[in-house]
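Work through the exercises below with the sequence and the structure at hand. Each task is followed by a solution in steps.

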Amino acid sequence: MEKRRILVVDDEAIITRTLKLYLEGTGSYEVRTENEGSHALQAAREFNPDLIMLDLVMPDTDGATLASEFRGDSKLQNIPIIFLTALVSKQEVGAQGKEIGGHPFLAKPVDPEKVVECIEEQLQ
Amino acid sequence: MTTRSSYPAKSVPPRALALSVASLAVPVVAALAFPGSLGELGVMLWLLALVPAFLLAYYRGWWGVTLACGVGMAVLALTQSVAGILGRQIQEGPLFFAVVVIYIGIALGIGWLTDRLSVATGRKQIEEIRLRLVKALETMQLGVTITDTNRKIIFSNPAEARNHGYTVGELVGKNVGIFAPSGKLKPLEKEELKALSSWKRESINVRKDGSTFPVQLTSDVVLSASGDPIGIVTTCEDITERKERQKQLERATRELRKSHGDLQATQMRLIEAEKLESVGRLAAGVAHEVKNPLMVILTGVKILTQHLQDGSGDIRVLLDDMTDAVARADAVICGLLDFARPHDFELVPEDLNTIVEQSLSLVKHEMDKSHVTLAKELAPDLPKVNLNAFKIQQVLINLFTNAVHAMPEGGELTVRSYSRPVRQLASNPNSVERENLLTSESDVILEVDDTGTGIPEDKLAKIFDPFFTTKPTGKGTGLGLSVSWQIVEMHGASIEFKNRDEGGVTVTIIFRSDAGE
Ligand SMILES: Nc1ncnc2c1ncn2[C@@H]1O[C@H](COP(=O)(O)OP(=O)(O)OP(=O)(O)O)[C@@H](O)[C@H]1O
Ligand SMILES: [Mg+2]
């Protein structure tokens, strides 16, 4: 089975590095990481991912803005997005239906097994 | 102060005094005008007897005798002077003594008459004084009653009779206990009477029709000239109005105190809310810095777990502990984050029962695990309440979880909801009758009972403090109730914990609802 391509965008290199390690460790994914929010669109066009994981709050931009940029791009508009955030409590995520702008929403620190679950759900 | 009856005739009648002094002057003048004529021993003796008698009588206040002596001296001196002028000696022989006896007789006669006269004048004066005093007593608005030592009424003034619904005539001769709720009063012992001086007290008196009213009584004993008690004077003031004013004042003071207390409580709550909010802001500031590292650790732990060889059991335990440690640190940060008051905190009319059901479904697993049974007493047709469903759900989940934790051996959780109309007291401070005004609002009340351990009374005041917990490390952060308190506060609602007599705790949350919605 062909590996699914995942783009992980987060300003923290330690996050993208560990997630890449974990996801690639499962053997099912090929992961590209990006730490500059402003480069995310460019990276997505080059990498042509099956799914994008976006940090919601980054120093130069925010996940919601990036998501709308992807939506505006004819090549990228149908790629599923998963948000990651460090700013809300788990309970809040729970009650708001796990979605922001129609995209699922994971609160850090999240068990990477949950991340995989979520990715699989989105890829179906 | 003891009152002694004084006798008005004791004062010196000035005319008698003047007359006596004047008569003394006559022999002096005569002696000066006709030296030698008073030299005889007999006359001197008479004068010597009369002068001390005059002085004594004057000193004792016997005005008739004073006058008699004065006149006696004057006449004696006059006759001596006349005799001297005529050059005759009359002090010898029986004629002289006869003359002296006549003189004295006349003098005593005059004295006696004068005394009678002054007694009559005294009586008239006394009568006038009595009339004036009686008039004064009758005119005054203060009730006055005078009794004898057996407490039989000798005198009551019209004010006293009026205040008690009697006529003066009905009172005189009765026992003064006619005014007292206890009825007839016993006569006082002599010693008690003497001790009774300016005896002031408040009491309740009875009117003729049986109604009662508060009075201020002041009694004093009347002592005779010899110091024996001969009666009791009591003034009686109707203090109904004063009492009423006093009550109003007390009520106003009480209300003032209460609103002052409320104000202080509100202030405390504001300070508390402010404190919690700044904790929240701080947490929001550091959350990013804490949660990213936690995420890295958690992911790292999972990766390491996957690479673990079989048989490295200790390492597996270590990695599990690390996972738990991450979860704990995250729980604290999440709890603190909850204090950050979202400024777009939105309240919408919601059905409280629905939120209760949702919250219960989220803790159902936990309840089943601990063998806790559920009793629901949710009132149908509950008025809608303006609230934030998500926040209230957070509160309820915490309450239910706390209850389950308090019942580790199982028990029963009761969730009850009901509403009641709000009654407000009319806030007119002048109206004695406080009316209950029905407003359009109602209270919507949620009660959560458990049959658990209860909360020691000394801990009750602390449960809302951030980080107060009795649970083992890792099981509770102690933030649950302080967050809940803040949320309830933001809804303008109240939350209260009470230990139940039968064991366990009742939590009561009271929401205010506009009936219109
Ligand atoms: N229903 C209850 N019965 C007995 N004790 C209670 C009950 N509810 C709360 N408490 C006491 O109040 C303390 C504070 O409760 P709170 O919910 O604030 O924190 P916690 O439950 O200990 O931790 P957290 O909710 O943050 O996980 C609890 O540790 C417990 O001692
Ligand atoms: Mg709790």
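**Exercise 1. Aromatic pairs**

How many aromatic pairs does a search of the whole structure find over all chains?

Solution. The model is a predicted one. Over all chains, the search gives 2 aromatic pairs. Take the rings of B:F464 and B:F497: their centres are 5.7 Å apart and their planes meet at 80°. Planes over 60 degrees apart count as edge-to-face, so the pair of B:F464 and B:F497 is edge-to-face. B:F464 is in the loop between α12 (457–460) and α13 (480–490), while B:F497 belongs to strand β12 (residues 494–499). Finally, B:F497 has a relative accessible area of 12%; buried means under 20%, so B:F497 is buried.

**Exercise 2. Charges over rings**

Which ring does the charged end of A:R5 sit over, and which ring lies under that of B:R201?

Solution. In chain A, the charged end of A:R5 sits over the ring of A:F47, 4.5 Å from the ring centre. In chain B, the charged end of B:R201 sits over the ring of B:W199, at 3.6 Å from its centre.

**Exercise 3. Backbone geometry**

Locate a cis peptide bond and two residues other than glycine with a positive phi.

Solution. Start from the general rule: most residues other than glycine have a negative phi, and most peptide bonds are trans. A cis peptide bond joins A:K108 and A:P109, with omega about -5°. A:P109 is in the loop between β6 (103–107) and α5 (112–123) of chain A. Turning to phi, B:D381 has a positive value near 60°. B:D381 lies in the loop between β8 (372–378) and β9 (385–387) of chain B, and is exposed at 78% relative accessible area. B:F467 has a positive phi of about 70°. B:F467 is in the loop between α12 and α13 of chain B, and counts as partly exposed at 46% relative accessibility.

Key. Residues are numbered from 1 along each chain as its sequence is written. Chains are lettered from A and ligands numbered from 1 in the order in which they are written. This is a predicted model: local features need pLDDT of at least 70, side-chain atom pairs count only at pLDDT 80 or more; totals for chains, interfaces and linings use all residues. Side-chain values use heavy atoms; hydrogens and water are left out. Rings of Phe, Tyr and Trp (its six-membered ring) pair if their centres lie within 6.5 Å; planes under 30 degrees apart count as stacked, over 60 as edge-to-face and the rest as tilted. Helices (H or I, at least four residues) and strands (E, at least two) are DSSP runs, numbered from the N terminus. Buried means under 20% relative accessible area, exposed over 50%, partly exposed in between (1.4 Å probe, protein chains only). A charge sits over a ring if NZ of Lys or CZ of Arg is within 6 Å of the ring centre and within 35 degrees of the ring normal.
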